[in-house]
Amino acid sequence: KPIKWTKEMIRGKIQDYVRKNKNLPTPKEMRPRNELPCYSTFVKRMGMTPFEYFKKEYGELLTTEAVRWNEDNINAAVQKFIYLHNRYPTGSEWKSENHLPSSQTVLRHTQLNPLDYCIKNFPQFMPQENESLYMAL
């Protein structure tokens, strides 16, 4: 039978989750099977998104700011990565821990896969033929 979520229940379940897992639930983990309300129930009961709530109540556990990616900040992030590492990001490096969007996000915003995006926008850093193995996506 469906759970009737209250603010107090949600606060308690989030607290339990954090205590047990030592981190905040991801959007995919916000599900009744994890003893948490789904996203829409959370917003309806709490009057804010899980991210807004987590920022307010658990700010210290939020390691990376959620970024709303667009072509401009994708370009700036990739440029910064290339400047710091003197190379394109490898397939597994396209993630928020590296201050980069996911490869899916690059594709969605630019209609290019990350390697093609890098080659188009930063051709001067294109790897030589014998280096191209590390670029396999």
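Start by selecting E93, which sits in the loop between α4 (71-85) and α5 (103-110), the helices being DSSP runs of H or I with at least four residues, numbered from the N terminus. The model is predicted, so local features need pLDDT of at least 70 and side-chain atom pairs count only at pLDDT 80 or more, while totals for chains, interfaces and linings use all residues. Residues are numbered from 1 along each chain as its sequence is written, and side-chain values use heavy atoms, with hydrogens and water left out.

Colour E93 by accessibility next: E93 counts as buried because its relative accessibility is 16%, and buried means under 20% relative accessible area (1.4 Å probe, protein chains only). Then show T90, whose backbone nitrogen is reached by the side chain of E93 at 2.7 Å.

Now move to the second largest pocket by selecting K13, D16, Y17, K20, N21, R33, N34, E35 and L36, which line it; lining residues have an atom within 4 Å of a point on a 1 Å grid, and a pocket is an open set of points where a 1.4 Å probe fits, with protein on both sides within 12 Å along at least five of seven lines. The lining of this pocket divides into five charged, two polar and two nonpolar residues, with Asp, Glu, Lys and Arg counted as charged.

Finally, zoom out to the whole protein, where six helices and zero strands are found.

Conventions:
Helix = DSSP H or I, 4+ residues; strand = E, 2+ residues; numbered from the N terminus. Buried < 20%, exposed > 50% of the residue type's maximum accessible area, 1.4 Å probe, protein only. Polar contact = N/O pair within 3.5 Å; in protein donor to acceptor, adjacent residues only side chain to side chain.
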